[in-house]
Amino acid sequence: GMTTVLVTGAAGFIGSHLTEALLARGDRVVGVDSFNDYYDPAIKRGNLETALQNPAFTLHEADICDGAKVLGIMEAERPGVVVHLAARAGVRPSLEDPVLYHQVNGIGSQHVLDACRAFPPSHIVFASTSSVYGGLKEVPFHEEMDIRRPISPYAATKRGNELMCHVYHHIYGMKITLLRFFTVYGPRQRPDMAIHKFVDLIARGKPIPMFGDGGTRRDYTYIDDIIHGVVQAINRPFDYEIFNLGEQTTTSLRELIAMIGEAMGVEPAIDQHGMQPGDVEITYADISKARRMLDYSPQFPVAEGIKRFVDWYRSSAAAPSG
């Protein structure tokens, strides 16, 4: 019959795209989101506009920090698969409020795991991050690397999630796949993230802040590629596995700004700043494990993804009028 997939953080950037992809293939989707104000909740409501028109979609407004509520939703909905995306994201804000990050990402995720223990789905797909690799110099990053030195509270909370998931697999036999996302971008990207922020600043004729000398490099992953990887993980349960989902290529900050300028037909003005604490020099995914075991195969080079993002931005309400 129809699979019921519960998606936490369903109104977010990745969650809303995933929700639409699952509805499109005929799944029933149960979304959970707190609509917190990390960025404008109205944006998140907009993200779910299409999904909300589909009778196969159910939305629960709930915070994962409310354990009783999470348990009640699991009991009522009995999903076959749980995809846990809800989290406080962002390296820099985690330095401002480490307790909040610990509460949401640590305790909140604990509630999700405990609810899954009480009403077991067939498996769980759980979002992790490339930030767990810390300041490692050896690239590309592969899943077996020694990652004992995280450099932000955000990264530490996500590594904590990976460890706790292993405990729940080992003790309770829960099947859990963790996906380490590498800088995801595309339509609906969070407004605080670099590509969205830069496009917005250029559109408003403002300079782009560049931290460091522009030499920091990121493995930028287009949203459609991430969704492809998440859906593959939903389709293929594993006992306990961790996969990198990236593009397996790196782009420097300077190159990124130039590509955005090119896509917008503007020469960007740059406002130089020092390096930010907690930021890493490079992220670069070795995705051979995901290719082999998930049949993951990213399709969108950065220049193409940025063009698509700029097109979306221009046609969205976010763009300045006139």
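Helices α8 and α10 are oblique to each other (angles under 35 degrees count as roughly parallel, over 145 as roughly antiparallel, 65 to 115 as roughly perpendicular and the rest as oblique). Their axes cross at roughly 50° and come within 10 Å. Axes here are lines fitted to C-alpha atoms, for helices over the stretch in contact, and angles run from 0 to 180 degrees between N-to-C directions. The helices themselves are DSSP runs (H or I, at least four residues), as are strands (E, at least two), and both are numbered from the N terminus.

The structure is a predicted model, in which local features need pLDDT of at least 70 and side-chain atom pairs count only at pLDDT 80 or more, while totals for chains, interfaces and linings use all residues. Residues are numbered from 1 along each chain as its sequence is written, and side-chain values use heavy atoms, with hydrogens and water left out.

From α8, the contact takes in I195, F198, V199, I202 and A203. From α10, it takes in L253, L256, I257, I260, G261 and M264. Contact means heavy atoms within 4.5 Å. By class, ten of these residues are nonpolar, one is polar and none is charged. In this scheme Ala, Val, Leu, Ile, Met, Phe, Trp, Tyr, Cys and Pro count as nonpolar, Asp, Glu, Lys and Arg as charged, and the others, Gly among them, as polar.

A203 belongs to α8, which covers residues 194–203. A203 is partly exposed, at 33% relative accessibility. The cut-offs are under 20% relative accessible area for buried and over 50% for exposed, with partly exposed in between (1.4 Å probe, protein chains only). Neighbours within four places in sequence aside, A203 is in contact with M264, Y313 and P320. Two packed helices are described by the angle between their axes and the distance between the axes. The crossing of α1 past α9 is right-handed. F13, I14, H17, L18, A21 and L22 of α1 make the contact with I223, I226, I227, V230, V231 and I234 of α9. Eleven residues of this contact are nonpolar, one is polar and none is charged.

Helix α9 is mostly covered, with ten of its 13 residues buried. The buried residues of α9 are I223, D225, I226, I227, G229, V230, V231, Q232, A233 and I234. The length of α9 was also checked against its residue count. At 1.5 Å a residue, its 13 residues should span 18 Å, and its end C-alpha atoms are 18 Å apart, which agrees. The expected span is 1.5 Å times one less than the number of residues.

Helix α6 (residues 98–118) gives a similar check. Its 21 residues should span 30 Å, and the end C-alpha atoms are 29 Å apart, which agrees. Buried in α6 are Y101, V104, N105, G108, S109, Q110, V112, L113, A115 and C116. S109 counts as buried because its relative accessibility is 3%. Not counting residues up to four places away in sequence, S109 touches I64, H84, V104, F126 and N161. S109 and F182 are 73 residues apart in sequence, and their C-alpha atoms are 20 Å apart in space.

N47 lies in helix α2 (residues 41–47). At 6% relative accessibility, N47 is buried. Its contacts, neighbours within four places in sequence aside, are A11, G12, F13, S16, E20, Y39 and R188.

V139 and P140 are joined by a cis peptide bond, with omega about -5°. P140 is in the loop between β5 (123–129) and α7 (153–172). F35 is not a glycine, yet its phi is positive, near 50°. F35 lies in the loop between β2 (28–33) and α2, and is buried, with a relative accessible area of 8%. R78, also not a glycine, has a positive phi of about 45°. R78 is found in the loop between α4 (67–77) and β4 (81–84).

How values were computed:
Left-handed = near helix turned anticlockwise from the far one by under 90°.
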